[in-house]
Amino acid sequence: MNILREHIRSLFKLNEEEASVFLAEFIRKDLQKDDVFIAEGEICKKVGLIEKGLMVCTYHKNGNEIIDEFAFENGFVTNYYSFLTGTPSEKTIRCIEDTTVYVISRQSLEKVSRHYAFIERMAGMMNERLFLRTHDRVKSMLLDTATERYQKLVAQRKDMVQRIPQYMLASYLHVKPETLSRIRKKLAKKIN
């Protein structure tokens, strides 16, 4: 939890007391690979903060799994749309590695927000980050080639290539696994 505490302090520019107040409401959960954090159809009433492990957010269409996002260490995970609107989740969030996540309920988050003004500032900062990340992802999907999207992904998270199966990376990049394989081979030849 100490690494998470320091990450949260740095990310939101909190002092030690503010970080302690915020994290005090979180409850540790140890999840196994393939455990579901938020199920499709469930109304999302929680936010997780991943200490270790990896989760994937997926939609399902015509029997196919479509990867929306991955959630890593020191990152928050939730279905934010369902959380905000109170509507059933259209996606599933599940572990693809054994994962330790600290969870806060919506009720607890609202309670602590009423008592501490800095939580509202944190929420604003988080909303800005989510907007910017979503904007960059949409822009990349519209303007970048598959190769450029892959290169950006690797530049952001080098460990993704080792930790995430190729078929999942392909789905996230909206290409077929064979296409991703060709991209990787082509880039490997350029390096050698």
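**Salt bridges and their surroundings**

Guide: Glu-16 has a relative accessible area of 35% and is therefore partly exposed (buried is under 20%, exposed over 50%, partly exposed in between; 1.4 Å probe, protein chains only). The model is a predicted one, in which local features need pLDDT of at least 70 and side-chain atom pairs pLDDT 80 or more, while totals for chains, interfaces and linings use all residues. Numbering starts from 1 along each chain as its sequence is written, and side-chain values use heavy atoms, without hydrogens or water.

Glu-16 forms a salt bridge with Arg-5, at 3.7 Å from N to O (a Lys or Arg side-chain nitrogen within 4 Å of an Asp or Glu carboxyl oxygen). Because Arg-5 belongs to helix H1 (residues 2-12) and Glu-16 to helix H2 (residues 16-24), this contact ties together parts that are 11 residues apart in sequence (helices, H or I, have at least four residues and strands, E, at least two; both are DSSP runs numbered from the N terminus). Arg-5 itself is buried, at a relative accessible area of 18%.

Between Glu-73 and Arg-157, the closest N and O atoms are 4.0 Å apart. This pair links distant parts of the chain, 84 residues apart: Arg-157 stands in the loop between helix H6 (146-156) and helix H7 (160-163), and Glu-73 in the loop between strand E5 (64-71) and E6. Both partners are partly exposed, with relative accessibilities of 26% for Arg-157 and 25% for Glu-73.

The side chain of Glu-73 also meets that of Arg-163 in a salt bridge, at 2.9 Å from N to O. Here Arg-163 lies in helix H7, and the two residues, again in distant parts of the chain, are 90 residues apart.

Directly after H8, His-174 adopts a positive phi of about 60°.
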